[in-house]
Amino acid sequence: MLLPPQFDSLALIRRYYPDDGPLRWLLVEHSLSVARRALHIAGRHPELHADTRFLFHAAMLHDIGIFQTDAPVIHCHGTQPYLLHGRLGAEMLRREGLEALARVCERHTGTGLTAEHIRTQRLPLPARDFSPESEEEQIICYADKFFSKTHPERTRSVAEAAGKLAKFGQAGVRKFLRWAEKYE
């Protein structure tokens, strides 16, 4: 996955999160946790040929859109529903010319959202497939499920992470457990 040679995801975070306050701290801490797990997976599975540079930056930016959402418990005081944070982040990164990273943002919710799920649940998203496709997209989506922004000090077990996915339906739980077999 191509990124500009001197790309700096932390500089981009500082541009959108200029206040060195609790929201930027939470975003960076959560993102670093996801990055460490994603890089650990890539290191244990060289046969996947995952781009580790891309994995790091994608992990750091997968939640960049959260500041636009209304989630006061995690210091987000925007106006949009939290469910849209991935789509909002994708729009931001597309404006930056970072399409591959934008795809990670919009595809990491649950284990990915299908057009059918969006329609049947009447979610405020375009009815299209937002499922992770590339190996890197899948690894970030998987790694993210182990970390909560409401409890950044905790790492969920596979069973706990799978349990949290039940709200997205059993298909998402099954997909997550297939990833667990592949990545753990």
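Reader: At 17% relative accessibility, does His-117 count as buried or exposed?

Author: His-117 counts as buried, because its relative accessibility is 17% and buried means under 20% relative accessible area, with exposed over 50% and partly exposed in between (1.4 Å probe, protein chains only). This is a predicted model, in which local features need pLDDT of at least 70, side-chain atom pairs count only at pLDDT 80 or more, and totals for chains, interfaces and linings use all residues.

Reader: Where does His-117 lie, and which residues is His-117 in contact with beyond its neighbours within four places in sequence?

Author: His-117 belongs to helix α6, residues 115–120; helices (H or I, at least four residues) and strands (E, at least two) are DSSP runs numbered from the N terminus. Beyond those neighbours, His-117 touches Leu-123 and Phe-168, contact being heavy atoms within 4.5 Å.

Reader: Which residues is Ile-66 in contact with, leaving aside its neighbours within four places in sequence?

Author: Ile-66 sits in the loop between α3 (52–61) and β1 (70–71), and it counts as buried because its relative accessibility is 0%. With those neighbours left aside, its contacts are Tyr-17, Leu-23, Leu-27, Cys-76, Tyr-82, His-85 and Lys-149.

Reader: How many of the residues of α3 are buried?

Author: Seven of the 10 residues in α3 are buried, and the helix is mostly covered; among the buried ones are Phe-54, His-57 and Met-60. The cover over the buried residues includes α1 (9–16), α2 (22–44), α4, α5 and α7 (135–144).

Reader: At what angle do α4 and α5 pack?

Author: Two packed helices are described by the angle between their axes and the distance between the axes. Helix α4 (residues 85–95) packs against α5 (residues 99–107) at about 175°, with the axes 7 Å apart; the axes are lines fitted to C-alpha atoms over the stretch in contact, and angles run from 0 to 180 degrees between N-to-C directions. The angle therefore makes α4 roughly antiparallel to α5, a term for angles over 145 degrees. The contact brings residues of α4, including Gly-86, Ala-90 and Leu-93, against residues of α5, including Leu-101, Ala-102 and Cys-105.

Technical notes. Residues numbered from 1 in each chain as written. Heavy atoms only, no water. Parallel < 35°, antiparallel > 145°, perpendicular 65-115°, else oblique.
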